[in-house]
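Subject: Structure handover, pockets and cavities

Dear colleague,

Please find the structure below, with its sequence. My notes on it come after.

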Amino acid sequence: MKINFNKPHITGTEYEYIADAISTGKISGNGKYTTLCQDLVRKTIGIKKTLLTTSCTDALEMSAILSNFSIGDEVIIPSYTFVSTALAFVREKAKIVFADSETMHPNIDVKKIQELITPKTKAIVAVHYAGISCDMEELTKVAKDNNLLLIEDAAQAIGGKFKSINLGSIGDFATFSFHETKNIQCGEGGLLSINNEKYMKRAEIIWEKGTNRAEFFRGEVNKYEWVDIGSSFLPSEISAAFLYAQLRDFENIMQKRIEIWNHYYARLFDLHQKGHLKLPYIPVYASNPAHMFYIELPTLEVRDNLKEWLNKNSIQAVTHYLTLHRSPYYSKFHDGRILENSEKFENCLLRLPLFYDLSKNDIDFVCDSIQSFFEK
Ligand SMILES: *Cc1c(COP(=O)(O)O)cnc(C)c1O
């Protein structure tokens, strides 16, 4: 028996919606299913405007274009995140200022942001790691006080909340991912949410290759033309139809994942109490959308040995990010600050299998294997 790290969940209704999309005779972007997905996410999460994209990376690129950087402008980003969070801004010629994580959680440490702000700072990007909210009250305050844009990389955070507010509805922009490793997926897909009305019109133009085609389709202008920069950020209706099936099953998928997550937590609590490992920390203001189950080990050596032990037991446990401030591409531009918590999570964090079809037996097997590692 092999337990994979991830297995994309299929609800079964994807086929129906895809067949319907094909039967409409229009499978390029911005059709029936794109609108259905955008409306559903907009209403469920409470976002002002949503645009479906081919990936979260695309949505981040759109946020970077909308931010309108001049050369030398700075953006504050956590170092412990996926490459795309930073890459999108690098392509728009922004200078990345990497911030450290909290001690207890990989999320950006808000208390250390103020000292990174200079007259050149234009934006802060908050990544809700594992779908657990950053301190959005403090972040919103820092952004407001310093007149900065606040962008949420909510790639992992669909269904997550800050207090009672849905993640993705707080920042000027927010980005979601529907990559097959995420809770709700369509293979490759994403969504940009725009919560600041000032940017709504331009976002739509950038989305449609720099043209006002969306306005034209709504009959607001009588021809469409090239009016700005942009790119091809729209997914096809086939992807949107697949995604719609998943979004309709959102509550069920979330409930199942939360059950799995809770079972892991209960089973590993004893090892946490004994100090062998640390279970995920969830701040009181955050609710858990169960995107990921990770544990923190005391050292790199223990982490790697445990990973190897689990892999030998046919369990695909995996590490996560390599810090971006030490990456081959960006380390030469980094200012040399040591980001100790980011580096700790690079060394000590281990992710366990978590997907919709993971059985209770499988979870028990993973937890028994972890227990036997510490008892050997
Ligand atoms: C998955 C992920 C992305 C990239 O999403 P894609 O849809 O694959 O482009 C970006 N940021 C974070 C934090 C992610 O987890």
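What follows covers the ligand, the pockets and the cavities.

The model is predicted, so local features need pLDDT of at least 70 and side-chain atom pairs count only at pLDDT 80 or more, while totals for chains, interfaces and linings use all residues. Residues are numbered from 1 along each chain as its sequence is written, and side-chain values use heavy atoms, with hydrogens and water left out.

The search uses a 1 Å grid over the protein atoms alone: a cavity is a set of points where a 1.4 Å probe fits but cannot get out, and a pocket is an open set with protein on both sides within 12 Å along at least five of seven lines. Lining residues have an atom within 4 Å of a point. Grid points are joined across faces, edges and corners, and a volume is the space filled by probe spheres set on the points.

The largest pocket holds about 620 Å³ of space. Its lining has 31 residues, and Phe82, Thr181, Lys182, His320 and Tyr321 are those nearest the centre. Both α3 (56-67) and α4 (83-90) supply at least two residues each to this lining; helices here are DSSP runs (H or I, at least four residues), numbered from the N terminus. By class the lining has 12 nonpolar, 14 polar and five charged residues. Ala, Val, Leu, Ile, Met, Phe, Trp, Tyr, Cys and Pro count as nonpolar, Asp, Glu, Lys and Arg as charged, and the others, Gly among them, as polar.

The ligand takes up the largest pocket (more than half of its atoms lie within 2 Å of the grid points). Around the ligand are 15 residues (a heavy atom within 4 Å), of which Thr57, Asp153, Gln156, Ser177 and Lys182 come nearest. This shell divides into five nonpolar, eight polar and two charged residues.

Taken alone, the ligand exposes 390 Å², and the protein buries 92% of that (Shrake-Rupley method, 1.4 Å probe).

The second largest pocket

This pocket has a volume of about 280 Å³. It is lined by 17 residues, with Thr44, Gly159, Phe250, Glu251 and Met254 closest to its centre. Two or more residues each come from α2 (32-45), α8 (237-248) and α9 (250-273), and α9 gives the largest share, five residues. The lining has nine nonpolar, five polar and three charged residues.

Cavities

There are three cavities of 30 Å³ or more. The largest cavity has a volume of about 60 Å³, and the residues lining it include Asn6, His9, Lys182, Arg257 and Tyr356. Its lining divides into four nonpolar, four polar and four charged residues.

The second largest cavity has a volume of about 50 Å³. Among its lining residues are His105, Trp261, Tyr281, Asn288 and Met292. This lining has eight nonpolar, two polar and no charged residues.

Regards
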